[in-house]
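Have the model open in your viewer and a selection tool at hand. We will go from the overall chain to one helix, then to the core and a pocket.

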Amino acid sequence: MKRAVPIRAAITVVIDDRGWPRLVGDPAPLLRRAARAALKVARRPRGLPPGGTTAIAVALLSDRGVQRLNRDFRGKDKPTNVLSFPAALLPDGPKGRRVEIGDIALALGVVRREAKAQGKAPTDHLAHLMVHGVLHLLGYDHETDRDAARMERLERKALAALGIADPYLLD
């Protein structure tokens, strides 16, 4: 029987807007649990050595901060809930290596408004967006119906492991 390799992740959280702790308390533990859940349900992409540490940086920003990033990197001059910036993964490396897979940015106002409009707890919505962002860092997308269904299945599985209800049933 093959032994499961534990997921090791180094999640750095930078809070750049004081409203985040008012919305969700200390967001770092929640974001770390959500990232690990996403890493666990996703297949290990090329470049992530078994037994290595997956590193992700998360910036909790204002809507204006995310709007600037969205404009500068995607050509869309508006805030969005989550942005993912995947790092270029290196060829398979030695076991035990730390691999930076990318950065995630989240917009406070958008997250707050969406949670309220969808009748979701802000913590649950934030966890969902973190899972979504991590899956993007790992190469998943939702450009086609098939890809979207696959990504949503992984999101549901990761969120269920966190005890969070299926966010797509609430749409």
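## The chain as a whole

Colour the protein chain by secondary structure and follow it from the N terminus: the elements run β-α-α-β-α-β-β-α-α-α. That makes 6 helices and 4 strands. Bear in mind as you look that this is a predicted model. Now colour by burial: of the 171 residues in the protein chain, 43% count as buried. If you draw the contacts with a separation of 6 or more, 70% of them come from residues 24 or more positions apart.

## Helix α2

Select residues 27-41, which form helix α2. How far apart are its end C-alpha atoms? They are 21 Å apart, and this agrees with expectation, because 15 residues at 1.5 Å a residue should span 21 Å.

Next, show Asp26, which caps the N-terminal end of α2. One of its side-chain oxygens lies 3.2 Å from the backbone nitrogen of Ala28.

Which residues of α2 are buried? Pick out Pro27, Ala28, Leu30, Leu31, Ala34, Ala35, Ala37, Ala38, Leu39 and Val41.

In soluble globular proteins, nonpolar side chains tend to be buried together. Here, the largest nonpolar core has 41 residues, and those touching the most other members are Trp20, Ile56, Val58, Leu106, Met130 and Val134. Two or more residues each come from β1, α1, α2, β2, β4, α4 (108-118), α5 and α6.

Centre the view on Val134 and show its neighbours: leaving aside residues up to four places away in sequence, Val134 touches Ala35, Ala38, Leu39, Ile56 and Ile104. Apart from this core lies another, of 6 residues; select Leu61, Val66, Ala107 and Val110, which are among them.

## The second largest pocket

For the last stop, select Arg74, Val82, His132, His136 and His142. Of the 13 residues that line the second largest pocket, these lie nearest its centre. The pocket has a volume of about 280 Å³. Which elements give two or more residues to its lining? They are α3 (63-74), β3 (82-86) and α5. Finish on β3, from which the largest share of the lining comes, 4 residues.

Terms used
Residues numbered from 1 in each chain as written. Predicted model: local features only at pLDDT ≥ 70, side-chain atom pairs only at ≥ 80, totals over all residues. Heavy atoms only, no water. Expected span 1.5 Å × (residues − 1). Buried < 20%, exposed > 50% of the residue type's maximum accessible area, 1.4 Å probe, protein only. Polar contact = N/O pair within 3.5 Å; in protein donor to acceptor, adjacent residues only side chain to side chain. Core = buried A, V, L, I, M, F, W, Y, C linked by side-chain atoms within 4.5 Å. Contact = heavy atoms within 4.5 Å. 1 Å grid on protein atoms, 1.4 Å probe; cavity = no way out; pocket = protein on both sides within 12 Å on 5 of 7 lines; lining within 4 Å. Points joined across faces, edges and corners; volume = space filled by probe spheres on them.
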